[in-house]
Amino acid sequence: MELKLPVYLDNNATTPMDPRVLEAMLPYFVEKFGNAASRNHSFGWVAEEAVDYAREQVARLINADPKEIIFTSGATEADNLAIKGVYEMYSSKGNHIITATTEHKAVLDTCKHIEKMGGQVTYLNVKEDGLIDLEELEKAITDKTILIAIMYGNNETGVIMPIREISKIARKHGVLFFTDGTQAVGKIPVDVNADGIDLMAFSGHKMYGPKGVGALYVRRKNPRVKVTSQMDGGGHERGMRSGTLNVPGIVGLGKACELCLHEMESEAARLSKMRDRLEKSLMELEETYVNGSREHRLPHVSNISFKYVEGEGLMMGFNKNIALSSGSACTSASLEPSYVLKALGLGDDLAHSSLRFGLGRFTTDEQIDFTIDAIKTTVIKLREMSPLWEMFKEGVDINAIEWAHH
Amino acid sequence: MAYSDKVIDHYSNPKNVGTLDKAKTNVGTGLVGAPECGDVMRLQIEVDEESGLISDAKFKTFGCGSAIASSSLATEWLKGKTVDQALSIDNMDIVEELNLPPVKIHCSVLAEDAIKAAINDYRVKNGLPELVAEKKAH
């Protein structure tokens, strides 16, 4: 195949929409524009039928019942609804939530909000491989614990948490288990029953669907879970999320789920092969480290630190042709590097030196070849320019230097 | 955030990357920043003892494109100046020349710090008192 530029390797941020998804959505903008809540005429019926069908497509991907799917505007809203909704609904049972330090901001900041409202939150540390310690999790449970919120796959490292072991512990103690499945759903098999998940958030635009639509899975049986609505209004979505349904978006999410169901197995195999090749080639560079567990990891993700080279400076060497993310945050006011990488025990220097690769459905072998070459060339060039690299090569202990901190 | 053409040019074709012999008395070395902050600059000047002019300047930088460009530009400006003239290089001149956005101003401050640190190293080596620079916010 011919090399197509620019190369997009930031699929953890967002995925391009699959043209087949767009095709499914198009009739629902102009022609079939009805409100799915209009019960008394054909425009409404057509829209409702489309939503029902999408609900089935979504449910099938995660082995849920269609009635357990609550459509939202995306994963952030679903995270908020799950955590705040459970906190309010189960306030008579307790006020304690357990989460982890490597969660997405949509979960962490929602938990901070819970603390402001008087709730108690335990933030579990992760081990060097990015996984939580199950014993620590169990020890953190009190008689006031109502929810465990641990993500499925991490957005920065791709590390997959021990979901089934977590849900077993949750069940044993009668605590609900919520997982943010944004990076995992549609990429690897997720089965809410086999996995023992009570609530799960996910999003359309991370699985080749449209932006602005997502879902919250809410278990209906064993146990029956309810969340207090965070948006008041017409009582849509079984009263848990009011607001006129985004019919074209929901149709797109449904189609995206259907495509993932059929294609994710072969796609995961293809992408993990490519990812491993990329990783192996880049690891030929000295002082290069993969961040997080390589064993428990999403098939399309790799997070690598190139020591003695700063991530943003590194990206500048090829960002005309390759789109990537870095754990460095030279542009942010705080200048703080990735909190996820720091939670894995990485020093700030290694966190500043990281790149995140997120491969996707449209990534080609030619693009991976191009990326390997571009990154290797740039790392070598920048190391020649790096005073830290020179010190390392001369055997100077960089940690022993008294750096002036700003 | 897009980089200015001048930043891209200095990043792609950095001027005066390298190392001078820091053991020489007419070489001043400034090492500023910290790996934890994502920016480390090492700037060196070599002073021609007869003319008093900076005859050579070299840098190595660990950092973003703007940090690399700021130090590359600084070495260019240093060459041919007297040590006293070099002291007058202000970080805002670098900001202006490279069109640095507000979030990157700290890169120019670091470059100015590196110049001052190199000059001080040179002064101390040559029996002159260390200059106390006013502290700029990073």
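## Strands 9 and 10 of chain A

In this predicted model, strand 9 of chain A is joined by three bridges to strand 10 (residues 301-306) of chain A, and the two run antiparallel; strands here are DSSP runs of type E with at least two residues, helices are runs of H or I with at least four, and both are numbered from the N terminus. Tyr289(A) has Ser305(A) in strand 10 of chain A as its bridge partner.

The open sheet of chain A has four strands in the order 9-10-13-12, with antiparallel pairing, where two strands pair if DSSP finds at least two bridges between them. Strand 9 (288-290) and strand 12 (325-326) of chain A are at the edges with a single partner strand each, so one side of each has no neighbour in the sheet.

## Where the chains meet

In chain A, 24 residues are in contact with 24 residues of chain B, contact meaning that the C-beta atoms, placed from the backbone, lie within 7 Å. Helix 8 (311-316), helix 10 (348-352) and helix 12 (387-393) of chain A each supply at least two residues of the side of chain A that touches chain B.

## Helix contacts in chain B

Asn91(B), Ile94(B) and Val95(B) in helix 4 of chain B meet residues of helix 5 of chain B, among them Ile105(B) and Glu112(B).

## Numbering and confidence

Residues are numbered from 1 along each chain as its sequence is written, while chains are lettered from A and ligands numbered from 1 in the order in which they are written. Local features need pLDDT of at least 70 and side-chain atom pairs count only at pLDDT 80 or more, whereas totals for chains, interfaces and linings use all residues.

Methods. Two residues are in contact if their C-beta atoms, placed from the backbone, lie within 7 Å.
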